[in-house]
Amino acid sequence: MAQALWLVDKTADRRFPFRVAIEQDGRTVLAVRSQSPWPGPGQQVFCLRERGDVAGESLDPLERVPVVHLGRVGRKLTVVLDRPTRKRCEFLAIQRTTKDGRAVEQLFFRTESGIRAHRSRTRMELLPGAAPAGPLTIAVDTAERYPWRFPGATLVRRRLASGDYALIEAGRSVAVVERKTFDGFLGDIGAIQALHHQLEDLGSLPTAALVIEAQYADFLDGKRLAGRWPATHLARVLAEVAALHPHLPVVFAGNRPLANAWCARFFAACAQREASPQLDLVSETLARYRAGPREAGVEERIRVSALESADGSFTFAELAGRFGDVPAGRVRRVLGQLRDEGLLECTGRGRGTRWLVRAR
């Protein structure tokens with residue numbers, strides 16, 4: 001799968017003199033006409049979505065940068081580029097209604113500094129005013145003897161394939177929560193392989209969470225654990241859960257009422273997300289993008305190449321030759337970082353300098 005590229009071209013249009021595009025495998029994933037190639041500090045730039053073919057148009061290439069990641073946060077399309085500076089940006093899509101009732105798309109190009117400087121009227125990432133059509137429908141697993149309470153929600157009892165509570169939208173489960181008490185989690189650790197199978201199943205769902213009715217510190221309290229598990233063992237287990245199930249949030253809610261409240265708000269946010277319109281720019285762009293595992297940035301690839309050199313040593317020219325399209329200054333910066341971390345040392349001077357990988 002080819003890595004996507006961030007392309008910036010100069011155009012002949014005086015109002016929108018720049019074309020900003022993302023391409024992958026010869027396809028245009030996103031293309032906009034912008035008033036700036038990159039917004040300045042604290043700025044957001046108004047853009048127009050490109051519509052139509054650019055064949056025959058005079059374009060002067062300015063930038064060609066690999067895209068590390070393309071994703072969605074609420075109504076925003078987020079982009080991470082493979083370079084040390086000016087690497088994060090987003091496109092904020094808004095739909096406005098004109099006086100004559102027409103829906104009009106407004107598109108803003110923002111950078112990380114612009115995002116920090118801009119104070120939105122709402123603190124939510126979801127669309128303002130988006131709300132579920134009615135009360136939440138929450139399914140409670142039949143095995144829950146003393147279930148949590150969800151005032152105002154419609155509760156249904158049924159056997160759930162995963163988790164103890166599920167938010168139901170249009171007859172399907174859109175979010176799942178697995179509840180664990182302090183004692184219940186300690187009991188599950190006695191069959192740790194079964195617990196990992198359960199969490200793997202939960203983590204495979206699009207939206208799920210494990211909520212524990214205890215604090216993290218409770219599992220390290222020797223007095224509370226007396227006669228059951230050593231605190232050092234519990235510390236290893238909790239770290240292992242996070243490492244082996246990285247896509248499953250683990251929430252230490254503190255106690256039962258707080259766990260119940262967290263789940264209710266979590267389901268409300270998920271319902272609001274489901275009610276939010278799927279804006280064309282974001283949904284269409286992600287549909288075109290062939291997402292694979294997140295690409296390692298070029299600096300990470302330089303690090304790996306240096307540390308895995310066949311004979312444990314190399315010259316700068318040898319390493320730089322493996323990354324012919326990367327500026328020499330960027331390669332030197334990575335070498336300096338590795339030296340400062342104690343992973344490399346250099347011997348000799350001038351062209352005879354060799355970099356040695358230190359034994360770890």
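## Strands that pair

Two strands pair if DSSP finds at least two bridges between them. In this predicted model, strand E16 and strand E17 (residues 354-357) are joined by 4 bridges. The two strands run antiparallel. Across from Glu345 stands Leu356 of E17.

E16 and E17 belong to an open sheet of 3 strands. The order is E15-E17-E16, and the pairing is antiparallel. Which strands stand at the edges? They are E15 (313-314) and E16 (344-347). Each has a single partner strand, so one side of each has no neighbour in the sheet.

Helix H9 packs on this sheet and touches E15, E16 and E17. The direction of H9 makes about 110° with that of E16.

## Two packed helices

Two packed helices are described by the angle between their axes and the distance between those axes. Helix H9 (residues 328-340) packs against H7 at an angle of about 60°. Their axes are 10 Å apart. H7 and H9 are therefore oblique to each other. The crossing of H7 past H9 is right-handed.

Residues of H7 in this contact include Val298, Ile302 and Leu307. From H9 come, among them, Val331, Val334 and Leu338. By class, the contact has 7 nonpolar, 1 polar and 4 charged residues.

## A residue in H7

Ser305 lies in helix H7 (residues 298-307). Is Ser305 buried or exposed? Ser305 is buried, because its relative accessible area is 17% and buried means under 20%. Leaving aside residues up to four places away in sequence, Ser305 touches Leu319, Arg322 and Phe323.

Methods
Residues numbered from 1 in each chain as written. Predicted model: local features only at pLDDT ≥ 70, side-chain atom pairs only at ≥ 80, totals over all residues. Heavy atoms only, no water. Buried < 20%, exposed > 50% of the residue type's maximum accessible area, 1.4 Å probe, protein only. Contact = heavy atoms within 4.5 Å. Axes fitted to C-alpha atoms, helices over the stretch in contact; angles between N-to-C directions. Parallel < 35°, antiparallel > 145°, perpendicular 65-115°, else oblique. Left-handed = near helix turned anticlockwise from the far one by under 90°. Nonpolar A, V, L, I, M, F, W, Y, C, P; charged D, E, K, R; others polar.
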